[in-house]
Amino acid sequence: MSAKPNRLARTLAKLDSLPAFLRPAARNLALRRAVPFTGTARLDYVEMSPTRVEIAIANRRPVQNHIQGVHAAATTLLAETATGMVVGMNVRDDCLPLAKSLTVHFRKRATGSLRAVATLTPEQRQLMQDTDKGEVSVAVTVTDEAGEHPVECEFIWAWIPSHRPKH
């Protein structure tokens, strides 16, 4: 697929002119400002591409639950942000991405910090380019420090035209 980069992709591409060692911090700063709650949780935007987004969250006191693990809400934020960002890297500039539904099943206790990887298929990416309105189920895998998958998630994202037609 050879879609033209959208606004988010173009904004992140501007960071490529920075020295490599500064890019992760600059990416985190820009994205945490764009979505302030992710800054509150200190999500770490590890990789951002149109096909794959990887985000991490450290197991630190402000995001912990009563058993010193990453809180369920922070875990859900991590997975939701990864899926939303991969959709955001693909949706056309004239469309608005919206979370439609989410299902999260907590299967086992997580160990340490967490990492979420969200991906889109070429067909899903093409659908976002070809249609003004639609929805996709975005694949996301959450992994803990032990290499386990403590949660199973399904996120449905929709997109709609960003401006209502005038009558």
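**Close-up views of a predicted model**

**View 1. Pairing of strands E3 and E6.** Eleven bridges join E3 to strand E6, which covers residues 151–161, and the two strands run antiparallel. Within this pairing, Ser-101 stands opposite Ile-156 in E6. The model shown here and in the following views is a predicted one.

**View 2. The six-stranded sheet as a whole.** The sheet is open and has six strands in the order E1-E2-E4-E5-E6-E3, with antiparallel pairing. Its edge strands are E1 (44–48) and E3 (95–106), each of which pairs on one side only. From one strand to the next, the twist averages 20 degrees. Strands of a sheet pair through backbone hydrogen bonds, in either a parallel or an antiparallel arrangement.

**View 3. Helices H4 and H5 against the sheet.** Helix H4, residues 72–88, packs on the sheet and touches E1, E2 (52–57), E3, E4 (114–119), E5 (134–144) and E6, and its direction makes about 155 degrees with that of E2. Helix H5, residues 122–130, lies across E4, E5 and E6, and runs at about 140 degrees to E5.

**View 4. Strand E5 with its partners E4 and E6.** Six bridges join E4 to E5, which run antiparallel, and in this pairing Val-117 has Thr-141 of E5 as its bridge partner. E5 and E6 also pair in the antiparallel sense, over five bridges, with Trp-157 in E6 as the bridge partner of Val-136. The hairpin of E5 and E6 has six residues between the strands, and in this hairpin Gly-147 takes a positive phi near 85 degrees.

**View 5. Glu-54 and its surroundings.** Glu-54 has its place in strand E2. Because its relative accessible area is 11%, which falls under the 20% cut-off, Glu-54 is classed as buried. The side chains of Glu-54 and Arg-115 are joined by a polar contact of 2.6 Å. Leaving aside residues up to four places away in sequence, Glu-54 touches Asp-44, Tyr-45, Val-46, Glu-47, Arg-115, Ala-116 and Val-117.

**View 6. Helix H2 and its buried residues.** Helix H2 has twelve residues (23–34), which at 1.5 Å a residue should span 16 Å, and the end C-alpha atoms are 16 Å apart, so the two values agree. The buried residues of H2 are Ala-26, Arg-27, Asn-28 and Leu-31. An α-helix has 3.6 residues a turn, so residues three or four places apart point the same way. The buried residues of H2 pack against helix H1 (7–13), helix H3 (36–40), strand E1 and helix H4.

Methods
Residues numbered from 1 in each chain as written. Predicted model: local features only at pLDDT ≥ 70, side-chain atom pairs only at ≥ 80, totals over all residues. Heavy atoms only, no water. Pairing = 2+ DSSP bridges. Helix = DSSP H or I, 4+ residues; strand = E, 2+ residues; numbered from the N terminus. Axes fitted to C-alpha atoms, helices over the stretch in contact; angles between N-to-C directions. Contact = heavy atoms within 4.5 Å. Expected span 1.5 Å × (residues − 1). Buried < 20%, exposed > 50% of the residue type's maximum accessible area, 1.4 Å probe, protein only. Polar contact = N/O pair within 3.5 Å; in protein donor to acceptor, adjacent residues only side chain to side chain.
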